[in-house]
Amino acid sequence: MREFFNNYVQSIETYIMFRIKETVAKLTPELISKGRAPIMLSMGAPTANPPKKVTDALKSALDEKGAHLYSTPKGEKYLRDAIAKRMQTRFNVILNPDTEIFSLIGSKEGIANFIRLLINPTTREDDKEIIFIPDPGYASYGEMIKVSGGKAYSLPLTPQNNFMPDLEEVYAKFIQEGNNPQKVKALIINYPNNPLGATATKEYLESVVAFCKKHHILLMSDAAYTDMYFKPELKPMSILEIEGAKDIAVEFFSFSKPYAMTGWRLGWICGNEEAVKFFGKLKSTIDSGIFKALQKASAEIINSPEGEEYIKEANIKFKRN
Ligand SMILES: Cc1ncc(COP(=O)(O)O)c(C=O)c1O
């Protein structure tokens, strides 16, 4: 069977968090019988129920006419309008909901499929196209890049650089090591960072945009955690708040973390119009959008006072934890 599968998929592992989860599940009954219940240290996901407003909205959306028919991969207009409004009120970022926003089946799906759009796959190691990724970082990035036939290059996030590596320095080292700068396709940033929780300053984000423009590198900002913060005066930013970012960047958002809706699988990509358009072409061939009742309920929560209150309360609990 193995020989049917391409070299790229043969090179990846099952996502580490699922491997840990499976192992823990296997060991748990035996450990419990010995009075030694294990502590789960794999996925750091919110475990509370989502806001009641969103589950109530979902229940009533189930009975709406047409709710069970195909949606569109782009996302229903009401969802994209709600997202545009949220981006404006939360970040002061103005987006065209018809051309600069596209729905995702979770941000993980969006990032993986977006990477597929960028890499020209090859099995020749020295010919592989490269994406810069944060290290430490979300474990999926490296595997997503590998299965797309590319290669990841680590950006070291350390206490010494305050988790904001000097990109020109890294780039110089990358070239010194004999890598070909022409092969660099994209750079992924993730602030607040998984697993560190580190956030970036406005000045740093400005330097990232300037770096990407100077070297003609597409910027992907994974903003899954922008609504998780402990100091109200230090809210994490969207990369799109930086002047000129839209020329070179796309950003990935998620409903998973702010509203504890990890199982709903909902997010969005936004930013550069041409990039969103290319993404839309791929998506239109591989999926047919998200269940409309989920979209309807999600559109109702993101600009609501209940949604805001939920985020505030959840952050107080996370801080205490
Ligand atoms: C940094 C980061 N990005 C993206 C995701 C994916 O989130 P989702 O697909 O639920 O939107 C996660 C999930 O843990 C994450 O930690």
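## A walk through a predicted protein model

Let us begin with overall size: for 321 residues, a compact globule would have a radius of gyration near 20 Å, and the protein agrees, because its own value is 20 Å. That radius is taken over C-alpha atoms, and the globule rule is 2.2 Å times the number of residues to the power 0.38. What you are looking at is a predicted model, in which local features need pLDDT of at least 70, side-chain atom pairs count only at pLDDT 80 or more, and totals for chains, interfaces and linings use all residues. Residue numbers start from 1 along each chain, as its sequence is written.

Taken along the principal axes, the C-alpha atoms fill a box of roughly 60 × 55 × 45 Å. The protein has eleven helices and seven strands; these are DSSP runs numbered from the N terminus, with helices (H or I) of at least four residues and strands (E) of at least two. Of the 321 residues, 40% count as buried. Here a residue is buried if 20 or more other C-beta atoms lie within 10 Å of its own, exposed if 12 or fewer, and partly exposed in between, with C-beta atoms placed from the backbone. Among contacts with a separation of 6 or more, 73% join residues 24 or more positions apart. Two residues are in contact if their C-beta atoms, placed from the backbone, lie within 7 Å.

Some residue pairs show how sequence and space relate. S71 sits in the loop between α3 (52–61) and α4 (77–91), and S71 counts as buried because it has 20 C-beta neighbours inside 10 Å. Although S71 and Q295 are 224 residues apart in sequence, their C-alpha atoms are 9.4 Å apart in space. Leaving out residues up to four places away in sequence, S71 touches E76, S288, G289, I290, K292 and Q295. Now take T28, in helix α2 (residues 16–33), which is partly exposed because it has 14 C-beta neighbours inside 10 Å. T28 and R80 are 52 residues apart along the chain, and 43 Å separates their C-alpha atoms.

Next, find the ligand. Which residues are around the ligand? They are G106, S107, K108, Y138, N190, N194, D222, A224, S254, S256, T262 and G267. A residue is near a molecule if its C-beta atom, placed from the backbone, lies within 6 Å of it. This shell divides into two nonpolar, eight polar and two charged residues. In that grouping, Ala, Val, Leu, Ile, Met, Phe, Trp, Tyr, Cys and Pro count as nonpolar, Asp, Glu, Lys and Arg as charged, and the others, Gly among them, as polar.

Most residues other than glycine have a negative phi, and most peptide bonds are trans. N194 and P195, however, are joined by a cis peptide bond with omega about 15 degrees, and P195 is in the loop between β4 (184–189) and α8. Another cis bond, with omega about 5 degrees, joins D135 and P136; P136 lies in the loop between β2 (130–135) and α6 (140–147).

Just after α6, G149 takes a positive phi of about 85 degrees.

F163 has one of about 65 degrees and lies in the loop between β3 (151–156) and α7. Is F163 buried or exposed? F163 is buried, because it has 20 C-beta neighbours inside 10 Å. H216, with phi near 55 degrees, is in the loop between α8 and β5 (218–222); H216 counts as exposed because it has 11 C-beta neighbours inside 10 Å.

Finally, how do two helices meet? Helix α7 (residues 167–176) and helix α8 (residues 202–215) pack at about 40 degrees, with their axes 10 Å apart. So α7 is oblique to α8: angles under 35 degrees count as roughly parallel, over 145 as roughly antiparallel, 65 to 115 as roughly perpendicular, and the rest as oblique. The contact is made by L167, E168 and Y171 of α7, together with S207, V208, F211 and H215 of α8. These contact residues divide into four nonpolar, two polar and one charged. The axes are lines fitted to C-alpha atoms, for helices over the stretch in contact, and angles run from 0 to 180 degrees between N-to-C directions.
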